[in-house]
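Visitor: I am new to this structure and would like a close look at one part of it. Please take me through the place where the ligand sits.

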Amino acid sequence: MRFWLRCRGCGREFEPEKLPMCPECFEPLEVAYDLDAIELDRERLASRPKTIWRYRELLPIKDYGNVVGMRVGYSPLVKCENLGRELGLKELYVKNEARNPTYSFKDRPAEVAVSKAREFGDEVVACASTGNLGASLAAYAAIAGMKCYIIAPYDIEREKLAQIASYGARIIGIEGTFDDARRLALMASEVLNWNVVNFTIRPYYAEGSKTMIYEVAEQLGWELPDHVIIPVASGSLYCMTHKGIEELKALGLVGEKEVKLSGAQAKGCGPIAEAFEEGRDEIEPVKKPNTIAKSIAIGDPYDGKYVLKRARESGGYVYGISDEEIREAIRLLAKTEGIFTEPAGGVVIGMLKRLVEEGKLDGDERVVCYVTGNGLKTMGLMTPYVHESLVKIRPTIEELKAALG
Ligand SMILES: *Cc1c(COP(=O)(O)O)cnc(C)c1O
Ligand SMILES: [Zn+2]
């Protein structure tokens with residue numbers, strides 16, 4: 001067998017079926033591969049198309065013919081000279097996921113999930129979402145001709161609702177939080193037999209996210225960065241970054257090296273950050289998230305304790321960033337690098353800034369920031385700043401001169 005499931009908690013192994021979590025200890029399952037049997041080298045990879053499927057041996061699809069879309073992958077790794085200079089960092093990069101097909105990194109797990117759903121013979125896919133997964137899943141379901149249901153808090157950004165609706169999915173807007181949406185989705189997976197991609201087939205879905213770190217290593221000439229700053233909602237992207245690094249090392253594609261993995265949360269919904277900052281092992285769920293970073297506002301993060309553990313082990317940090325810092329960071333990134341991000345990216349850049357201010361980053365370190373979503377998805381947040389830049393005049397040179405005065 002090329003791949004199977006392995007429990008992150010107890011290590012037990014299972015057939016690669018539809019299994020959301022370990023039936024023995026209820027901890028998360030991960031896809032395991034027979035890495036010794038995989039022959040992947042840098043030259044072979046270099047000749048392949050620039051999609052996530054260039055790493056197909058490391059993705060959990062048995063029959064490549066089931067792959068839906070093949071649209072996402074190889075987002076730019078932008079060297080940030082201006083922002084780096086401003087912060088005193090010599091080698092700063094942004095992995096710019098704002099340029100993905102549906103404008104967030106969720107295209108990676110969604111493309112894998114819909115492909116896996118097709119492999120399982122499903123005609124319906126669903127998810128609990130804070131907005132971006134909903135948009136990605138709806139888009140790939142549309143390509144695959146599947147019915148799609150998105151369960152999300154009713155009060156997520158209108159831009160995201162409009163995007164999801166345009167792809168033709170049915171949106172179930174609930175009065176409640178993401179955790180309420182997740183509970184309802186779990187019930188729907190049992191009662192209505194829906195394939196809820198971030199529950200029913202979560203181990204496969206999650207695999208898509210690790211392709212970001214594969215690309216980063218490849219884009220750096222098969223070297224790992226020293227430090228990666230990752231936005232954390234459920235903690236899936238964070239955990240998959242760690243898993244991806246271990247796989248690259250095991251395959252000999254990169255050398256042995258400890259990468260610091262830092263997690264960025266919003267202060268208004270930062271259960272892992274609070275535990276980290278207070279030196280606790282238990283994560284206290286946040287009942288009422290209150291932040292502009294709605295896409296990462298998960299009060300009870302499924303992979304939370306693993307984020308906490310790996311941040312400590314790797315020498316990274318987990319911080320909660322305030323709404324004010326987030327807005328400022330969104331503008332800082334836009335003004336220095338021309339990259340317009342949604343608040344999740346602001347959380348990461350805000351954390352970068354704080355790490356620099358606290359002297360926790362060495363100026364020579366090679367730092368990669370994950371910018372996971374596009375600012376056009378949350379445009380309403382930035383419109384209050386427009387008046388700082390906008391003047392309205394009649395089209396005469398006199399009024400132009402006066403306005404510039
Ligand atoms: C979903 C999401 C994340 C991180 O989600 P995890 O559940 O931690 O994998 C980060 N940024 C954006 C924009 C997202 O939509
Ligand atoms: Zn287990």
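Guide:
**The site of ligand 1**

A nitrogen atom of ligand 1 lies 2.7 Å from an N or O atom in the side chain of Thr372. This is a polar contact, meaning a pair of N or O atoms within 3.5 Å; within protein, one must be able to donate a hydrogen and the other to accept it, and residues adjacent in sequence count only if both atoms are side-chain atoms. On its own, ligand 1 exposes 390 Å², and the protein buries 97% of that (accessible areas by the Shrake-Rupley method with a 1.4 Å probe; for residues, only the protein chains shown count as cover).

The model is predicted: local features need pLDDT of at least 70 and side-chain atom pairs count only at pLDDT 80 or more, while totals for chains, interfaces and linings use all residues. Residues are numbered from 1 along each chain as its sequence is written, chains are lettered from A and ligands numbered from 1 in the order in which they are written, and side-chain values use heavy atoms, with hydrogens and water left out.

Two further contacts involve oxygen atoms of the ligand. An N or O atom in the side chain of Lys106 is 2.9 Å from an oxygen atom of ligand 1. With Leu237 the backbone takes part: one of its N or O atoms is 2.8 Å from an oxygen atom of ligand 1.

Around ligand 1 there are 15 residues, of which Lys106, Asn132, Ser234, Leu237 and Thr372 come nearest (a residue is near if one of its heavy atoms lies within 4 Å). This shell divides into seven nonpolar, six polar and two charged residues (Ala, Val, Leu, Ile, Met, Phe, Trp, Tyr, Cys and Pro count as nonpolar, Asp, Glu, Lys and Arg as charged, and the others, Gly among them, as polar).

The space taken by ligand 1 is the largest cavity (on a 1 Å grid over the protein atoms alone, a set of points where a 1.4 Å probe fits but cannot get out).

Elsewhere, four strands form an open, parallel sheet in the order β8-β7-β6-β9 (strands are DSSP runs of E, at least two residues, numbered from the N terminus).

Key. 1 Å grid on protein atoms, 1.4 Å probe; cavity = no way out; pocket = protein on both sides within 12 Å on 5 of 7 lines; lining within 4 Å. Sits in = over half its atoms within 2 Å of the grid points. Pairing = 2+ DSSP bridges.
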